[in-house]
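Biologist: I have the sequence and the model open side by side. Can you walk me through how it is put together?

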Amino acid sequence: MSPSPPHHMKSGEAFPPKTPGKLRIYSMQYCPYAQRTRLMLALKNVDHEVINIDLKDKPAWFLEKYQAGTVPVLEIDDKVIGESLITAEYIDEMYSKPGKQSLPTDPYKKAQARLLIYELGKIPSKFYGFARQAENSEAEFHSSLGYLEKLLSSEKFISSKAVSYVDYMIWPWFERIGTWCGELPKGKFPNITRWISDMKKDPVVKACSTPPEIFKKFFDGFRSNKTVYDLE
């Protein structure tokens, strides 16, 4: 039996007291950007607490902490950091064992990994258009997948034989295929289809996954402008 969906804090709710020295993430359970950061927390086995935020009715104390009002946000003692890729890199640098960082330490290789994420970062915008059923959006989304399909023709994962930082940073949108938007056409993207299957077997991905029926229920409300964060 799947656990109950989490509560998302709203305006008027009191600020939850912090534990000194313990990392906290302000998240939203269904946000793919916040999932990037949660994947890194799971990968590095970081002791932390999660505070989910209702993004349509944000608590005043959250906006005081982070004026942009977006998630994910990390907080530890008096330090506050936002944005998904920045928080993911922070976790990688702060909580990796020596020599075990997920991003390469070599400057050139690190730059190459960041460039891959930048190039693949074009996929989410096309994904959202397809999910919202915008005109020509399905064809545009499929067109945006060409580079990834080519990358996966020579490696099991995006840049190596094992799951890498780059895989985790792009994965959240692919977990939502079939619930937020239609399935990929059968046979058109064989490498991506195989990669999705392999990623679903990864223990870190499993630890941060959401049941498809919950994803669908959330997005059905989002698409009809009746977003409900605390699903039953």
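Modeller: Helices (H or I, at least four residues) and strands (E, at least two) are DSSP runs, numbered from the N terminus. This is a predicted model, in which local features need pLDDT of at least 70, side-chain atom pairs count only at pLDDT 80 or more, and totals for chains, interfaces and linings use all residues. Residues are numbered from 1 along each chain as its sequence is written, and side-chain values use heavy atoms, with hydrogens and water left out.

Biologist: Fine. Which residues of α4 meet α5?

Modeller: Y118, E119 and L120 in α4 meet K122, I123 and P124 in α5. By type, the residues of that contact divide into four nonpolar, no polar and two charged. Here Ala, Val, Leu, Ile, Met, Phe, Trp, Tyr, Cys and Pro count as nonpolar, Asp, Glu, Lys and Arg as charged, and the others, Gly among them, as polar.

Biologist: At what angle do α4 and α5 pack?

Modeller: About 20 degrees, with the axes of α4 (residues 107–120) and α5 4 Å apart. That makes α4 roughly parallel to α5. Axes are lines fitted to C-alpha atoms, for helices over the stretch in contact, and angles run from 0 to 180 degrees between N-to-C directions. Angles under 35 degrees count as roughly parallel, over 145 as roughly antiparallel, 65 to 115 as roughly perpendicular and the rest as oblique.

Biologist: And how do α5 and α8 pack?

Modeller: Helix α5 (residues 122–131) and helix α8 (residues 165–175) have their axes 10 Å apart, at an angle of about 10 degrees. The two are therefore roughly parallel to each other. On the α5 side the contact uses I123, P124, F127 and Y128, and on the α8 side I170, W173 and F174. Those residues divide into seven nonpolar, no polar and no charged.

Biologist: Is α5 mostly covered or mostly open?

Modeller: Mostly covered, as seven of its 10 residues are buried. Buried means under 20% relative accessible area, exposed over 50%, and partly exposed in between (1.4 Å probe, protein chains only). The buried residues of α5 are I123, P124, F127, Y128, G129, F130 and A131. Their cover includes α1, α4, α6 (137–144), α7 (146–151), α8 and α11 (212–223).

Biologist: Which residues touch the most other members of the largest nonpolar core?

Modeller: L148, I158, F174, W180, I192 and W195, out of 68 residues. A nonpolar core is a set of buried Ala, Val, Leu, Ile, Met, Phe, Trp, Tyr and Cys residues joined through side-chain atoms within 4.5 Å. Its largest share, eight residues, comes from α8.

Biologist: What does W180 touch?

Modeller: Not counting residues up to four places away in sequence, W180 touches Y30, P32, F127, Y128, A131, F215, F218, F219 and R223.

Biologist: Changing topic. What are the domains?

Modeller: The domain assignment gives domain 1 (23–99) and domain 2 (107–201). Such bounds come from an automatic or database domain assignment. The domain centres, taken over C-alpha atoms, are separated by 23 Å. Across the boundary, 13 residues of domain 1 are in contact with 14 residues of domain 2.

Biologist: Now the backbone. Where is the cis peptide bond?

Modeller: A cis peptide bond joins V71 and P72, with omega about 10 degrees. P72 sits in the loop between α2 (60–65) and β4 (73–76). For background, most residues other than glycine have a negative phi, and most peptide bonds are trans.

Biologist: Are N136 and N225 buried or exposed?

Modeller: N136 is exposed, with a relative accessible area of 53%, and N225 is exposed at 71%.

Biologist: Last one: what is L55 in contact with?

Modeller: Leaving aside neighbours within four places in sequence, L55 is in contact with M28, G69, V71 and Y229. L55 lies in the loop between β3 and α2 and is partly exposed, with a relative accessible area of 25%.

Definitions and conventions
Contact = heavy atoms within 4.5 Å.
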